[in-house]
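Work through the exercises below with the model open. Each task is followed by a solution in steps.

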Amino acid sequence: MAKKSEKSIPEKVDAHTHVSNDKFVLYPPFPDAIKIEITSRCNYSCSFCAHSKGLREIGDMDRNFLYRILWGLNLLELKRLVYFY
Ligand code: SF4
């Protein structure tokens, strides 16, 4: 028999979605990690995805736009950059 959870459903949801009051500031800190989706090309067809339904335009991020983003990020103290695809 499965062990009954001690938390209610709203408590479980809050544990994942709660944003502490110290984050509600006028100038929040810059994120230390950023993901950039450089292309919308994909060979998969996950049922939940707009891509597999043909709802997204297929293409690559403009190279100069990507370079401008990377140049801007280089000026900041970014700890992690992930290319999404
Ligand atoms: S979620 Fe969409 S973009 Fe991601 S792998 Fe599946 S079909 Fe491709």
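**Exercise 1: strand pairing**

Task: find the bridge partner of K35 in β2.

Solution. In β2, K35 has V82 as its bridge partner. The model is predicted: local features need pLDDT of at least 70, side-chain atom pairs count only at pLDDT 80 or more, and totals for chains, interfaces and linings use all residues. Residues are numbered from 1 along each chain as its sequence is written. Next, take the strands: β1 covers residues 33–37 and pairs with β2 in the parallel sense over five bridges. Two strands pair if DSSP finds at least two bridges between them. Finally, check the cover of β2, residues 80–84: the count of buried residues among its five residues is zero. Buried means that 20 or more other C-beta atoms, placed from the backbone, lie within 10 Å of the residue's own.

**Exercise 2: the chain**

Task: which pattern does the protein chain follow along the sequence?

Solution. The pattern is α-β-α-β, from two helices and two strands. These are DSSP runs: helices are H or I with at least four residues, strands are E with at least two. The radius of gyration of the protein chain is 19 Å, well over the 12 Å of the globule rule for 85 residues, so the chain is more spread out than a compact globule. The radius is taken over C-alpha atoms, and the rule is 2.2 Å times the number of residues to the power 0.38. Of the 85 residues, 0% count as buried.

Methods. Buried ≥ 20, exposed ≤ 12 C-beta atoms within 10 Å, placed from the backbone.
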